[in-house]
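The following exercises concern the sequence and structure shown below. Each task is followed by a worked solution.

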Amino acid sequence: MSVTQQNKLLIRRFIEEIGNTGDVTHLDRFVSPECIATDGKVRVRCGVAGMADHVRAVRETYPDLHLTVGNQIAEGEWVATQVTARGTHLGSWLGMAPTGKPVVITGVNVDRVVDGLIVEHGGAANTFEALLEIGAIRPVTSAEQD
């Protein structure tokens with residue numbers, strides 16, 4: 001198996017074994033202590049502990065979270081993974097009280113893998129649909145525009 005294929009498999013296993021279970025016991029098998037999380041231009045060193053905090057926080061908001069891996073594209077150290085997240089909004093999210101409503105969030109994770117560990121994690125999620133689903137935002141009707 002090529003290194004690129006191994007990197008794609010590592011990311012798939014990370015999503016399935018960590019993201020889908022919330023069990024961070026073996027997170028160090030996937031994430032480097034030097035791991036950096038990115039969000040746009042912001043880069044934060046999170047390491048294993050920060051990634052564990054992130055996984056726990058997401059699972060508190062969506063305890064029944066299930067992630068489905070779609071297409072993966074890899075080149076060199078980089079792996080882009082299409083992900084669909086489904087869960088029930090049962091914890092605070094962006095300061096909003098739980099609604100108990102199901103949500104679907106689609107996104108793309110972009111990870112860099114070096115020596116079999118994730119050293120950089122970022123991406124983008126379409127939270128717009130989820131915000132509509134839980135009623136946090138709503139479309140304006142034509143009558144309201146007048």
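Buried means under 20% relative accessible area, exposed over 50%, and partly exposed in between, with a 1.4 Å probe and protein chains only. The model is predicted: local features need pLDDT of at least 70, side-chain atom pairs count only at pLDDT 80 or more, and totals for chains, interfaces and linings use all residues. Residues are numbered from 1 along each chain as its sequence is written, and side-chain values use heavy atoms, with hydrogens and water left out.

**Exercise 1.** Determine which residues of α2 are buried and what covers them.

Solution. Helices (H or I, at least four residues) and strands (E, at least two) are DSSP runs, numbered from the N terminus. In α2, Gly47, Met51, Ala52, Val55, Arg59 and Thr61 are buried. Their cover, counted by contact (heavy atoms within 4.5 Å), includes α1 (3-19), β1 (31-39), β2 (42-45), β4 (78-88) and β6 (117-126).

**Exercise 2.** Check the span of helix α2 (residues 47-61).

Solution. The expected span is 1.5 Å times one less than the number of residues.

**Exercise 3.** Is His121 buried or exposed, and what surrounds the residue?

Solution. His121 is found in strand β6. His121 counts as buried because its relative accessibility is 14%. Beyond its neighbours within four places in sequence, His121 is in contact with Cys35, Ile36, Ala37, Thr38, Met51, Asn109, Val110 and Asp111. Among these, Met51 is also one of the buried residues of α2.
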